[in-house]
Amino acid sequence: MTISVLRTTDAWWVRTESGAARIDTTAVTTGDLLADRAAIEAARTSSDTVAADTLELISPVTTPCRVIAQMTNYRSHVKDSGLDPRTIPLTFFRKSSVSITGPFGDIVKPGHVGLLDYEVEIGLVIGRHVTAGTTITATDLPGIVAGLVVTNDISARDIQLPQTQFYEAKSYPTFTPVGPRLTVLTGNEIDRFGDLRLRLRVNGELRQDMRVEDDIIYRPLQALRALSRFQNLAPGDLVLTGTPAGTALTAPPKPIEIIGSLLPPAVKWKAFFKRQAANPKYLQAGDIVEASIATDDGALDLGIQRNTVVHS
């Protein structure tokens, strides 16, 4: 049975049937908390609770930490990008942990960014140290993936695309909302990863809706096995696992793409941004973005985050 861990500015909490029980721990970081499993278990049985909806929640993943993301990992998203899912390699990019924000905070749109996009993603929270060169097996996975969180990979497409600059485009402050809860896995609950459904709404309009098993290309074991060949991981690190179709950005129709490839880069990008500027799906100040992840039967529920877009 999963354990729902919540975080406020001054404490860690476990969600119980009667509310939220404070965890008696000195842990400051997510990694430290995951190591204090006895305190988490003790809080689960505590009768001293408060109403969970009275807590002002912040990200259950603390910073600094590593934030690593898989790129184009859902078939529908790959097709939206004008690519063939059969040809997509397993690739990663980094985000600055400065981008992490809470589940109900503002998403701040920088003044120089015009094309602000969203990507609901399942975040894997690492539970133990993994040294680069380690070969991860299926039996290792439950210990390495301590928990799951809802994340939103906010992206400045007008920075990302012409410069192929993922790091900057996805790392501005507030560009990675995380939470509301850290769903700590017990037993072999990671086996239900494929049953999770990702949903994202903007102002109530459903934009993304996909069950993992129906669309994913590289599952967590494949991804972490590849990542551990060259990357150290530590408790509390965050690995984002990709997003399905439904983002604001989609590839242009094939004829336009062919014509664009014949133009000088400056002309091509000017035409591209002119088309994208007319796309109403990009986020604007005042938009409310809701992201949720859960199995259809509700047995595994990572919660719902709700963020409002504001100008810097």
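**A buried strand, its sheet and the surroundings**

Strand 10 (residues 120–126) has seven of its seven residues buried, so it is largely enclosed by the rest of the structure. Buried here stands for under 20% relative accessible area, exposed for over 50%, and partly exposed for what falls in between, with a 1.4 Å probe and protein chains only. Strands and helices are DSSP runs counted from the N terminus, E with at least two residues for strands, and H or I with at least four for helices. The model is a predicted one, with local features needing pLDDT of at least 70 and side-chain atom pairs counting only at pLDDT 80 or more, while totals for chains, interfaces and linings use all residues. Residues are numbered from 1 along each chain as its sequence is written, and side-chain values rest on heavy atoms, with hydrogens and water left out.

Back to strand 10: Val120, Ile122, Leu124 and Ile126 point one way, Glu121, Gly123 and Val125 point the other way, and all are buried. On to its partners, where pairing takes at least two DSSP bridges between two strands. Strand 11 (residues 145–152) runs antiparallel to strand 10 and is joined to it by seven bridges, with threonine 151 as the bridge partner of glutamate 121. Strand 17 (residues 238–240) also pairs with strand 10 in the antiparallel sense, over three bridges, and there leucine 240 stands opposite glycine 123.

These strands belong to an open sheet of 10 strands with mixed pairing, in the order 4-3-2-1-14-11-10-17-5-6. At the edges stand strand 4 (49–50) and strand 6 (92–95), each with a single partner strand, so one side of each has no neighbour in the sheet. Within the sheet, strand 1 (residues 3–8) pairs with strand 14 (residues 182–184) in the antiparallel sense over three bridges, and the bridge partner of isoleucine 3 in strand 14 is valine 184.

Helix 2 (residues 37–44) packs on this sheet, touching strand 1, strand 2 (11–16), strand 3 (19–22) and strand 14. A touch, or contact, is heavy atoms within 4.5 Å. The direction of helix 2 makes about 45° with that of strand 2, where axes are lines fitted to C-alpha atoms (for helices over the stretch in contact) and angles run from 0 to 180 degrees between N-to-C directions. Ala39, Ile40 and Ala43 are buried in helix 2. Viewed down the axis of helix 2, its buried residues fall within an arc of 100°, so they line one face of the helix; the arc is taken over directions from the helix axis to the C-beta atoms. Those buried residues pack against strand 1, strand 2, strand 3 and helix 1 (30–35).

Next comes strand 19 (residues 301–311). It pairs with strand 8 (residues 106–109) in the parallel sense over four bridges, with isoleucine 107 bridged to valine 309. Strand 18 (residues 288–295) pairs with strand 19 in the antiparallel sense over seven bridges, and isoleucine 288 has threonine 308 as its bridge partner. The hairpin of strand 18 and strand 19 has five residues between the strands, and glycine 298 takes a positive phi near 75° there.

What about individual residues? Threonine 2 sits in the segment before strand 1 and, at 18% relative accessibility, counts as buried. Not counting residues up to four places away in sequence, threonine 2 touches Arg44, Thr183, Val184, Leu185, Thr186, Glu189 and Leu300. Threonine 164, by contrast, counts as exposed at 62% relative accessibility, and its place is in the loop between helix 5 (157–163) and helix 6 (166–169). C-alpha to C-alpha, threonine 2 and threonine 164 are 39 Å apart in space and 162 residues apart in sequence. Serine 96, in the loop between strand 6 and strand 7 (100–101), counts as buried at 16% relative accessibility. Leaving aside neighbours within four places in sequence, serine 96 is in contact with Tyr167 and Ser171.

Threonine 2 turns up again at the second largest pocket, which is lined by 16 residues, with Met1, Thr2, Arg15, Thr16 and Glu17 lying nearest its centre. A pocket is an open set of points on a 1 Å grid over the protein atoms alone, with protein on both sides within 12 Å along at least five of seven lines, and lining residues have an atom within 4 Å of a point. The second largest pocket holds about 350 Å³ of space, the volume being the space filled by probe spheres set on points joined across faces, edges and corners. Strand 1 and strand 2 each supply at least two residues of the lining of this pocket, and the largest share, three residues, comes from strand 2.

Conventions
1 Å grid on protein atoms, 1.4 Å probe; cavity = no way out; pocket = protein on both sides within 12 Å on 5 of 7 lines; lining within 4 Å.
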